[in-house]
Amino acid sequence: RLPPVEPVRGQILSLVDCAPRKGPIVFGDDGTYLVAKRDGSVVVGATEERVGFDARVTAEGMATLLRGAARLVPATARAGFERGWAGLRPASPDGLPSIGRLAGVEGLVVAYGHHRNGVLLSPTTGGLVRDLVLGKTNADEARPFDPARFVGAESA
């Protein structure tokens, strides 16, 4: 049985003709961020919604992002709307990814549940998976991510 993981929807949008003046990346206190792209567009992200496997783009999600962008850089309120999209991020209950061997399944190494940090953690995750496959894992380094940490938690 796999350790627990849940989908978390993230909605993002892209604006045109409004490159932020504060720098290539602007972060807000509410989790909103703006990333200026070379083509002059600005990506605004991202919502974090626990709505099951619903990967729809919603008016509410877009409105939330547009309000957040305008608070950070008022000029974005006059920008052109290019497009919006959504995706599902797998999240573990404790916020840490599950990286390791699954008990009772010979030779299977898993790496999932990274939530918002998959791209950021990919070099470290790749190294841990490589070391697990080759039998070279530093037990202290991998212990916090061991999928076995959830065993018994479901019945508690």
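**Figure 1. Hairpin of strands S2 and S3 in the predicted model.** Strands S2 and S3 form a hairpin in which five residues lie between the two strands. Glycine 31, in the turn, has a positive phi of about 95°. The model is a predicted one. S2 and S3 run antiparallel and are joined by three bridges.

**Figure 2. Hairpin of strands S3 and S4.** Strand S3 covers residues 33–36 and pairs with S4 in the antiparallel sense over four bridges. Five residues separate the two strands of this hairpin, and glycine 40 in the turn has a positive phi of about 95°. Valine 35 has valine 43 as its bridge partner in S4. For leucine 34, the bridge partner in S4 is valine 44.

Figure 3. Strand S4 comprises residues 42–45. In a regular strand the side chains alternate between the two faces of the sheet. In S4, Val42 and Val44 point one way, while Val43 and Gly45 point the other way. These four residues are all buried. S4 runs antiparallel to S1, and three bridges join the two strands. Across this pairing, leucine 13 stands opposite valine 44.

Figure 4. Aspartate 17 lies in the loop between strand S1 (6–16) and strand S2 (25–27). The phi of aspartate 17 is near 65°, a positive value in a residue other than glycine. With a relative accessible area of 71%, aspartate 17 is above the 50% cut-off and therefore counts as exposed.

Figure 5. The loop shown here lies between strand S7 (109–112) and helix H2 (118–134), and histidine 115 is found in it. Histidine 115 is not a glycine, but has a positive phi of about 55°. Is histidine 115 buried or exposed? The relative accessibility of histidine 115 is 18%, which is under the 20% cut-off, so the residue counts as buried.

Figure 6. Phenylalanine 81 is found in strand S5, which covers residues 80–91. Its relative accessible area of 45% falls between the cut-offs of 20% and 50%, so phenylalanine 81 is partly exposed. Which residues does phenylalanine 81 contact, leaving aside its neighbours within four places in sequence? They are Leu13, Ser14, Leu15 and Met62. One of these, leucine 13, stands opposite valine 44 in S4. Leucine 66 is 15 residues away from phenylalanine 81 along the chain, and the C-alpha atoms of the two residues are separated by 9.6 Å.

**Figure 7. Alanine 55, between strand S4 and helix H1.** Alanine 55 is found in the loop between S4 and helix H1 (59–72). Alanine 55 is partly exposed, at a relative accessible area of 39%. Neighbours within four places in sequence aside, alanine 55 is in contact with Arg9, Ala86 and Leu88. Proline 7 is 48 residues from alanine 55 in sequence, with a C-alpha to C-alpha distance of 9.3 Å.

**Figure 8. The whole chain, for orientation.** The chain has three helices and seven strands, in the order β-β-β-β-α-β-β-β-α-α from the N terminus on. The C-alpha trace spans about 55 × 30 × 25 Å along its principal axes. The radius of gyration of the chain is 19 Å, whereas a compact globule of 156 residues would have one near 15 Å. Buried residues make up 37% of the 156 residues. Of the contacts with a separation of 6 or more, 70% come from residues 24 or more positions apart. The chain exposes about 9,400 Å², of which carbon and sulfur atoms supply 56%. There are 19 positive and 17 negative charges, and their mean positions are 5 Å apart.

Methods: Residues are numbered from 1 along each chain as its sequence is written. This is a predicted model: local features need pLDDT of at least 70, side-chain atom pairs count only at pLDDT 80 or more; totals for chains, interfaces and linings use all residues. Side-chain values use heavy atoms; hydrogens and water are left out. The radius of gyration is taken over C-alpha atoms; the globule rule is 2.2 Å times the number of residues to the power 0.38. Buried means under 20% relative accessible area, exposed over 50%, partly exposed in between (1.4 Å probe, protein chains only). Contact means heavy atoms within 4.5 Å. Accessible areas come from the Shrake-Rupley method with a 1.4 Å probe; for residues, only the protein chains shown count as cover. Lys and Arg count as positive and Asp and Glu as negative; His and the chain ends are not counted. The place of a charge is taken as NZ of Lys, CZ of Arg, CG of Asp or CD of Glu. Two strands pair if DSSP finds at least two bridges between them.
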